Amino acid sequence: MNIGSEKQRDRDEKVVEIEIERLHDFKNHPFKVQADSQMKELRDSISKYGILNPLIVRPRPEGFYEVISGHRRKYAAMELKYTKVPVIIRYMLDEEAIISMVDSNLQRERILPSEKAAAYKMKYEVLRRKAGRRKCSQVDYTTGKKSIEIIGEETGDSPKQIQRYLKLNDLIPELLDKVDDETMGFTIGVELAYLSKKNQEIVLEAMENTLATPNLSQAIRIKKMQEEEKISVDSVEAIITEVKQKEITRVVFKNEQLYRYFPSYYTAEQMRREILTLLKINMESY
């Protein structure tokens, strides 16, 4: 469905239609818009009922409108050849726009760890700037609370969990993808995020060479190896292959095999999610 739980609009706000080419995505938008099964459901809903919930946009000096909420609706509308979409125009400062964009998207059912990490970082930096702070341990003088505590109260995550998400932003993209597609655990990703970029690339190479992923205790050991300046491809392989030796079976598909059943533009993560969704549906039918 395309009905969101966005901020209720003021009574004097009006819904207007704007040409879709005048709508630009939010700068550094952290949430991915993917052509997956959820997008198909949204597209089918819009095709049948129209866009029930207007997009929220703000005017820009350059003459276009920046989308605050509704990137997926915009994408679906473009797929359906819409030329105009209903919007509510709100005048916001940059910091207000960032918080509104993050909050409206965090209400979605499915959010990737990388999306949540980037969104939390954007909101945390806004709160820090607004309070004139340099460290998350400092206190907002208007509320008496830390930035991570404010975010936690609004999202339901503990301050410690928010700190983990913030740290996750330090992962190189290839390792972050593994957290997203669940081939590597979230907490393991957080531990590896403490490694330098160079050492993360070493870990990635070792993982690719062995087709193995470290567990949490091994990730902690790898982090310790960095402190001792003993990290290398061989030393990481020696640690993570301990998991591989204990595995009884491992199911591996090549992308070429899967592309027989998926559109060519699907990523490996999209194919994995679709397969798991279909398996879940199949199991529920029994």
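This is a short walk through the structure above, from the whole chain down to a few individual side chains.

Keep in mind as you look around that this is a predicted model. The protein chain has 286 residues, and 44% of them count as buried. Its secondary structure comes to 13 helices and five strands.

Let's begin with the aromatic rings. The count of aromatic pairs comes to two. Take tyrosine 120 and tyrosine 165 to start with: their ring centres are 5.5 Å apart and their planes stand at 90°, so this pair is edge-to-face, given that planes over 60 degrees apart fall into that class. Tyrosine 120 belongs to helix H4 (residues 113-131) and tyrosine 165 to helix H6 (residues 159-168), so the pair ties together parts that lie 45 residues apart in sequence. Are these two tyrosines buried or exposed? Tyrosine 120 has a relative accessibility of 1% and counts as buried, and tyrosine 165 is buried too, with a relative accessible area of 10%.

Tyrosine 165 also pairs with phenylalanine 186, with 4.7 Å from centre to centre and 50° between the planes, a tilted arrangement. Here helix H6, which holds tyrosine 165, is tied to helix H8 (residues 186-192), which holds phenylalanine 186, so the pair links parts that are 21 residues apart in sequence. Phenylalanine 186 counts as buried because its relative accessibility is 17%, and the cut-off for buried is under 20%.

Helix H6 has another neighbour to look at, helix H5 (residues 147-155). The axes of H5 and H6 come within 9 Å and cross at roughly 105°. The two helices are therefore roughly perpendicular to each other, as angles of 65 to 115 degrees are classed that way. Which residues meet here? On the H5 side they are Ile148, Glu149, Ile151, Gly152 and Thr155, and on the H6 side Pro159, Ile162, Gln163 and Leu166.

Next, have a look at the ring of tyrosine 194. Lysine 167 lies over the face of this ring, at 4.4 Å from the ring centre. Lysine 223 also lies over the face of tyrosine 194, at 4.5 Å from the ring centre.

Back in helix H4, you will find alanine 119. With a relative accessible area of 0%, alanine 119 is buried. What does alanine 119 touch, leaving out residues up to four places away in sequence? The answer is Pro30, Phe31, Val102 and Leu106. Alanine 119 and leucine 106 are 13 residues apart along the chain, and their C-alpha atoms are separated by 8.1 Å.

Our last stop is histidine 71, which lies in helix H2 (residues 71-79). Histidine 71 is buried, with a relative accessible area of 5%. Its side chain makes a polar contact of 3.2 Å with the side chain of histidine 29. Setting aside neighbours within four places in sequence, histidine 71 is in contact with Asp25, Phe26, His29 and Val33.

How values were computed. Residues numbered from 1 in each chain as written. Predicted model: local features only at pLDDT ≥ 70, side-chain atom pairs only at ≥ 80, totals over all residues. Heavy atoms only, no water. Phe/Tyr/Trp six-rings, centres within 6.5 Å; stacked < 30°, edge-to-face > 60°. Helix = DSSP H or I, 4+ residues; strand = E, 2+ residues; numbered from the N terminus. Buried < 20%, exposed > 50% of the residue type's maximum accessible area, 1.4 Å probe, protein only. Lys NZ or Arg CZ within 6 Å of the ring centre and 35° of its normal. Polar contact = N/O pair within 3.5 Å; in protein donor to acceptor, adjacent residues only side chain to side chain. Contact = heavy atoms within 4.5 Å. Axes fitted to C-alpha atoms, helices over the stretch in contact; angles between N-to-C directions. Parallel < 35°, antiparallel > 145°, perpendicular 65-115°, else oblique.
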